[in-house]
Amino acid sequence: PELAIVDYKTGRTGLDADDARGSQALALYAYAAQRVFRRPCHRVELHHLPTGTVAGHDHTPESLARQVARAEDTARDIMAAERAVADGSDPDDAFPTTPSQRCGWCDYRRSCPAGSQVAGREPWAAMENTLTAPPTRPAPE
């Protein structure tokens with residue numbers, strides 16, 4: 001039988017199929033599960049517990065290979081940055097920050113120069129969408 005990777009989420013906002021499709025972590029788990037358990041694994045799902053929604057995606061061998069290649073590219077970039085720091089480069093130049101809207105909720109925003117430039121958000125700011133989103137699948141009992 002085919003395996004499926006399921007990730008349970010309790011965050012502030014709901015999720016959709018694009019979140020499942022684009023999740024590199026889920027794709028890498030599916031790839032690893034295939035290798036370790038020697039069974040096909042293409043299905044990945046994000047179960048958002050507050051809303052009972054399930055966002056799923058069925059990967060193809062090609063889409064899994066693309067995600068693995070992205071991870072390998074990232075690993076090469078990290079190793080190059082580590083070498084640069086070891087050779088005397090400024091760590092902030094070798095590992096630049098990439099602030100985004102998510103920084104508004106980060107606990108470390110006040111001590112992060114880049115994150116502090118993003119407007120802070122109250123913990124409940126995203127709850128309205130979560131509480132009003134209709135479930136796409138009944139919650140498990």
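Author: Helices (H or I, at least four residues) and strands (E, at least two) are DSSP runs, numbered from the N terminus. The model is predicted, with pLDDT of at least 70 required for local features and 80 or more for side-chain atom pairs, while totals for chains, interfaces and linings use all residues. Residues are numbered from 1 along each chain as its sequence is written, and side-chain values use heavy atoms, without hydrogens and water.

Of the 141 residues in the protein, 25% are buried (under 20% relative accessible area; exposed is over 50%, partly exposed in between; 1.4 Å probe, protein chains only). Among contacts (heavy atoms within 4.5 Å) with a separation of 6 or more, 60% join residues 24 or more positions apart.

His59 counts as buried because its relative accessibility is 5%. Its side chain makes a polar contact with the side chain of Ser63 at 2.8 Å; a polar contact is a pair of N or O atoms within 3.5 Å, where within protein one must be able to donate a hydrogen and the other to accept it, and residues adjacent in sequence count only if both atoms are side-chain atoms. With neighbours within four places in sequence left aside, the residues in contact with His59 are Ala20, Arg21, Ala27, His42, Val44 and Leu64. One of these, Val44, is 15 residues from His59 along the chain, and the two C-alpha atoms are separated by 7.7 Å.

Ala27 and Leu64, both in contact with His59, also belong to the contact of H2 with H3. The axes of helix H2 (residues 24–37) and helix H3 (residues 61–86) come within 9 Å and cross at roughly 110°. That angle is why H2 counts as roughly perpendicular to H3. The axes are lines fitted to C-alpha atoms, for helices over the stretch in contact, and angles run from 0 to 180 degrees between N-to-C directions; under 35 degrees is roughly parallel, over 145 roughly antiparallel, 65 to 115 roughly perpendicular and the rest oblique.

On the H2 side the contact is made by Gln24, Ala27, Leu28, Ala30, Tyr31 and Gln34, and on the H3 side by Leu64, Gln67, Val68, Arg70 and Ala71. These residues divide into seven nonpolar (Ala, Val, Leu, Ile, Met, Phe, Trp, Tyr, Cys and Pro), one charged (Asp, Glu, Lys and Arg) and three polar (the others, Gly among them).

Gln24, in helix H2, is partly exposed, with a relative accessible area of 22%. Apart from neighbours within four places in sequence, Gln24 is in contact with Gln67, Arg70 and Ala71. The side chain of Gln24 reaches the backbone oxygen of Gln67 at 3.3 Å. Gln24 and Gln67 are 43 residues apart along the chain, yet their C-alpha atoms are separated by 5.9 Å.

The loop between H2 and E2 holds Arg38. Most residues other than glycine have a negative phi. Arg38, however, has a positive phi, near 55°. Its relative accessible area is 73%, and it is therefore exposed. In strand E2 (residues 41–48) lies His48, which is buried at 1% relative accessibility. Its side chain reaches the backbone oxygen of Gly11 at 2.9 Å.

Last, the cysteines. The structure holds zero disulfides (a disulfide being a pair of cysteine sulfur atoms within 2.5 Å). Cys106 is in none, and its nearest cysteine sulfur, that of Cys103, is 6.5 Å away. For Cys112, the closest cysteine sulfur is also in Cys103, at 6.3 Å, which is too far for a bond. Cys106, at 38% relative accessibility, is partly exposed, and Cys112 is likewise partly exposed, at 27%.
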